[in-house]
Amino acid sequence: AAGTLAGCGAKKEEQTQNCQTQENTQQAQAQTETDAPAEQTQEQPGEDAQAQQEQAQQEQAQAQQEPMTARSLTTQAAENVSKIKSVTLTQDVTVDATIGALFFTSDLNFTSHTDCEYVKDPGITHQVSTTHYSFADEVEDENVESYYVKNGDSHILYNKSGDDGWTRESTQDMGYSADDLLNTSVFKDISTGTIDAQLADTTVQVNGREAYLITFMLEGEEVETALREIVKELGEATGGIGTPDFTGVKIPATMYIYKDTVLPAKLEIDGTEVGRVLLESIVREQLGEDISSTLNMSEIIEMHNISIVTNVTGYDEIDRIDIPQEALDAQEVSGEK
């Protein structure tokens with residue numbers, strides 16, 4: 001966003017010259033009248049200020065002439081993310097499918113909503129998630145709260161599920177940095193041309209603010225990265241999801257960038273096309289290879305919808321995250337997860 005440039009116009013300069021002429025030709029005027037042109041002359045900026053204004057005007061004109069592209073926007077957004085101190089966001093995951101074989105058919109529904117806040121220094125992520133899973137006669141609802149602390153090479157996860165007490169465990173790097181939460185790897189791939197993206201001609205409203213809209217396709221490692229959380233959550237809900245193979249799969253995505261700050265606003269991913277891969281992994285994991293190998297998965301799995309929506313609600317609005325004392329006092333869980 002360009003700032004407003006303020007300066008002295010031609011009208012003011014003309015007024016000053018008129019006053020100076022009047023001062024030269026009417027020496028008999030009162031002192032109050034002779035003071036006026038002096039005041040106006042003092043308000044005029046000096047040569048350095050005028051030069052700075054002219055340079056700023058030239059830079060603004062040049063920026064306006066250069067066409068804005070998806071690559072230029074994502075380059076600036078990725079750079080701006082590196083400067084933030086904290087972020088708050090939400091993530092919603094939806095899975096809707098039907099699985100049926102022989103005389104058995106049932107809908108599979110999975111929804112998850114997560115509220116997340118992150119502070120870069122000292123590196124703490126706080127999440128509260130609510131999930132719902134239903135398939136056949138099995139229905140499960142779960143509430144989980146967690147704090148993830150990264151301090152150098154040390155990673156600690158404090159976790160509380162439902163009415164259970166807090167647990168504490170040393171864990172591996174779970175990828176809860178600002179770059180991970182905001183998917184800036186996608187930004188960098190667009191900015192370098194690895195991912196082909198298109199910038200819409202018009203802006204849209206996101207959280208009551210104007211935002212740019214960029215569409216693109218995800219494939220390869222970016223698909224695995226984008227679906228990492230949904231694979232994890234589905235795996236926990238179903239008791240195992242195997243190892244999905246996303247080779248050759250492409251999925252559409254839409255990115256929004258706030259116009260005023262050039263920071264990520266929202267990311268929508270349509271994972272319906274990879275839904276069959278995910279569900280096949282679940283079925284094979286639960287039935288075992290001997291049984292699942294005899295089934296034609298394309299006949300028993302009908303994928304309706306998989307979507308992941310990450311909505312960024314604020315930047316640098318919090319400066320600290322306090323971990324509850326009962327979590328800090330929790331007993332250490334043995335083994336690394």
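Which strands each supply at least two residues of the lining of the largest cavity? In this predicted model, they are strand E10 (250-258), strand E11 (264-270) and strand E12 (301-315).

## Cavities in the model

Rolling a probe the size of a water molecule over the atoms shows where empty space is left. The structure contains two cavities of 30 Å³ or more. The volume of the largest cavity is about 70 Å³, while the second largest cavity holds about 30 Å³ of space.

## The largest cavity

The lining of the largest cavity is made up of Leu 181, Leu 182, Asn 183, Phe 187, Met 255, Tyr 256, Pro 264, Ala 265, Lys 266, Leu 267, Thr 310 and Val 312. E11 contributes the largest share of this lining, with four residues.

Sorted by class, the lining of the largest cavity has nine nonpolar residues, two polar residues and one charged residue.

## The second largest cavity

Around the second largest cavity lie the lining residues Asn 183, Val 186, Leu 218, Glu 222, Thr 225, Ala 226, Leu 267 and Ile 269. Two or more of these residues come from each of helix H7 (221-226) and E11. H7 gives the most, with three residues.

The class division here is five nonpolar, two polar and one charged.

## Residues in both linings

Definitions and conventions: Residues numbered from 1 in each chain as written. Predicted model: local features only at pLDDT ≥ 70, side-chain atom pairs only at ≥ 80, totals over all residues. Heavy atoms only, no water. 1 Å grid on protein atoms, 1.4 Å probe; cavity = no way out; pocket = protein on both sides within 12 Å on 5 of 7 lines; lining within 4 Å. Points joined across faces, edges and corners; volume = space filled by probe spheres on them. Nonpolar A, V, L, I, M, F, W, Y, C, P; charged D, E, K, R; others polar.
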